[in-house]
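Colleague: I want to learn how to read a ligand site and the sheets of a fold. Can you take me through one case?

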Amino acid sequence: MNLGILLTRAAKSFPEKIAIAHGSYDFCTYSELASRAACLAGFLKTGLNLSIDERVGLFMSNCPEYLEVFHGILHAGMASLPINNKLHEKELAYILDDASAGALFVTHDLAERAHLAVDEVGKDIKIIIVGDSNYRSIIRSDPVQITHRAANDLAWLFYTSGTTGSPKGAMLTHRNLWDSTLNYYVDVDRVPSNGSAFHPAPMSHGSGFYGLPHLAAAAKQVIPESGGFDPAEIYTLISAHEEVSMFAAPTMVKRFVEYSGGGSTENLRTITYGGGPMYVTDCKKALERLGPKLVQIYGQGESPMTITVLPREDHALIEHPRYEERLASVGYAQSIVEVRVADSEGATCPNGEIGEILVRGDVVMKGYWGRPKESAEALRDGWLHTGDLGVFDEDGYLTLKDRSKDLIISGGSNIYPREIEEILLQHQSVSECAVIGRPHEEWGEEVVAFISPVTGHSIEIGELDTLCLDNIARFKRPKEYRVSESLPKNNYGKIIKRELRSQLEKEEKE
Ligand code: AMP
């Protein structure tokens with residue numbers, strides 16, 4: 001059945017509850033949100049004459065209307081195509097073309113880029129600017145009934161962030177998203193009736209997925225007025241709402257915790273973090289500041305938000321003999337998936353041995369849009385091959401060992417960057433770091449560490465070197481340290497190692 005009924009049901013049972021707040025102001029009730037979605041669906045079907053098999057893009061900054069558009073598309077039975085709003089017009093054009101989008105909803109601030117992209121594609125893609133007078137009449141169009149969809153029909157076409165290769169559209173079905181939504185309650189958190197889901201992180205990604213379990217529970221979705229992540233604003237909003245939960249990249253959690261002007265976090269219920277590595281030092285600082293309000297998830301677009309979980313209880317078990325190891329892990333398999341670690345032949349590795357992480361379950365994508373070869377490659381023998389390397393301990397806790405592409409092989413030995421990064425981050429002057437491999441004639445690759453210092457601190461390379469020598473094997477030690485004020489990150493807060501690698505390659509050629 002169509003995932004869109006989550007909204008129609010919530011509106012039926014809780015018509016007067018606030019569905020969306022913009023900052024601290026109420027934006028609309030559930031009954032208003034559902035009726036706007038039904039009108040917007042009417043516009044897509046009769047106004048634009050799109051078929052139910054179309055993909056409709058959202059190239060939008062986080063704003064309340066995002067949810068009207070997203071649910072309008074679902075209500076119409078069409079597939080939503082949320083796009084990272086930081087993309088360049090060329091990248092946007094690539095996705096619109098690849099997905100053969102029929103229409104594109106855009107916020108004002110992104111309109112110019114959207115027009116350039118659509119011109120570049122050269123196809124008839126209708127652009128709708130959200131919030132203008134035309135949009136206001138669209139959400140008053142004649143409403144339509146929700147379109148029935150089968151469990152295996154496409155609901156969300158999710159373009160991978162392209163940290164490896166060009167972006168591919170992971171086809172997420174209604175069943176995939178139902179499963180991921182229901183499993184939130186089982187493994188991540190309960191949603192209380194007065195709960196508020198904050199969206200400081202891009203709604204085209206994790207925050208958007210987690211909007212669904214909150215909507216199904218008729219909780220309030222809070223969109224910061226800045227449309228993004230501003231620690232000062234989030235602290236203020238936490239005091240203005242109840243039972244607050246939010247999804248955040250580890251880099252956002254770090255900024256939030258370190259923000260010097262921070263206020264009370266009494267109303268904060270849960271921060272779910274994931275999407276990139278949370279280092280033990282940062283995690284402990286966050287726990288000290290916030291208390292045991294953290295849950296970690298490991299997922300990827302191909303198995304949205306749902307591979308493993310490190311629940312809040314594990315964050316609180318300070319007395320556990322392997323507490324630090326557990327904080328450094330991504331937890332255990334979420335309830336509705338099977339997870340195993342396999343060698344290159346697909347055979348399950350014994351505990352303690354590193355291999356590729358494979359996932360099986362109803363939450364796993366149907367395949368990549370228009371890419372039968374890559375789909376068959378990713379979904380071999382019924383298992384999603386994540387491209388991530390990991391290792392299970394005997395209690396079923398999985399530790400991620402970087403993506404296979406990030407692995408450094410030096411002198412025939414495998415070096416996992418995360419291991420070195422964890423050590424470097426123990427130094428009080430290191431704020432962020434990223435370790436990568438640089439081609440080396442004799443060794444194959446050598447280790448280079450990019451460091452950004454804590455504000456007001458300077459980096460003593462000798463001290464970092466001693467720290468490494470005291471904690472890890474000699475051969476893993478960085479051969480060079482590069483210090484810069486900040487490290488390149490994508491819109492989802494992930495450090496883009498690809499950019500650091502090409503920086504080194506460029507220098508090599510010069
Ligand atoms: P995306 O498809 O853009 O969500 O990226 C998914 C990738 O992010 C995964 O394949 C992992 O490499 C990484 N990732 C996701 N969750 C975590 C986590 N909790 N810790 C470390 N890396 C993660």
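Predicted model: local features only at pLDDT ≥ 70, side-chain atom pairs only at ≥ 80, totals over all residues.

Colleague: Which side chain has an N or O atom 2.7 Å from an oxygen atom of the ligand?

Modeller: That is Lys-494. The backbone takes part too: a polar backbone atom of Ile-297 is 2.9 Å from a nitrogen atom of the ligand.

Colleague: How much of the ligand does the protein bury?

Modeller: Taken alone, the ligand exposes 500 Å². The protein buries 91% of that.

Colleague: Which elements give two or more residues to the shell around the ligand?

Modeller: Strand S13 (294-300) and strand S20 (398-403) do. S13 gives the largest share, five residues.

Colleague: Which residues come nearest to the ligand?

Modeller: There are 17 residues around the ligand, and Gln-300, Gly-301, Asp-388, Arg-403 and Lys-494 come nearest. By class, the shell has five nonpolar, nine polar and three charged residues.

Colleague: Now the sheets. What holds neighbouring strands together?

Modeller: Strands of a sheet pair through backbone hydrogen bonds, either parallel or antiparallel. Here, nine strands form an open sheet with mixed pairing. Read the order as S2-S1-S10-S9-S11-S12-S13-S14-S15. Strand S2 (25-29) and strand S15 (332-333) are the edges, each pairing on one side only.

Colleague: Which helix packs on the sheet and touches S2?

Modeller: Helix H2 (residues 30-47) does, and H2 also touches strand S1 (18-22). The direction of H2 makes about 60° with that of S2. Helix H11 (residues 280-290) lies across S12 and S13, at about 140° to S13.

Colleague: Do strands S11 and S12 run parallel or antiparallel?

Modeller: Parallel: five bridges join S11 (residues 244-248) to S12 (residues 268-273).

Colleague: What is the order of the four-strand open sheet?

Modeller: The order is S16-S17-S19-S20, with antiparallel pairing. Strand S16 (338-342) and S20 stand at the edges with a single partner strand each, so one side of each has no neighbour in the sheet. The twist averages 45° from one strand to the next.

Colleague: How many bridges pair S17 with S19?

Modeller: Four bridges, in the antiparallel sense, between S17 (residues 355-360) and S19 (residues 384-392). Gly-355 stands opposite Gly-390 in S19.

Conventions: Residues numbered from 1 in each chain as written. Heavy atoms only, no water. Near = heavy atom within 4 Å. Polar contact = N/O pair within 3.5 Å; in protein donor to acceptor, adjacent residues only side chain to side chain. Areas by Shrake-Rupley, 256 points an atom, 1.4 Å probe, with all protein chains shown as cover. Nonpolar A, V, L, I, M, F, W, Y, C, P; charged D, E, K, R; others polar. Pairing = 2+ DSSP bridges. Contact = heavy atoms within 4.5 Å. Axes fitted to C-alpha atoms, helices over the stretch in contact; angles between N-to-C directions.
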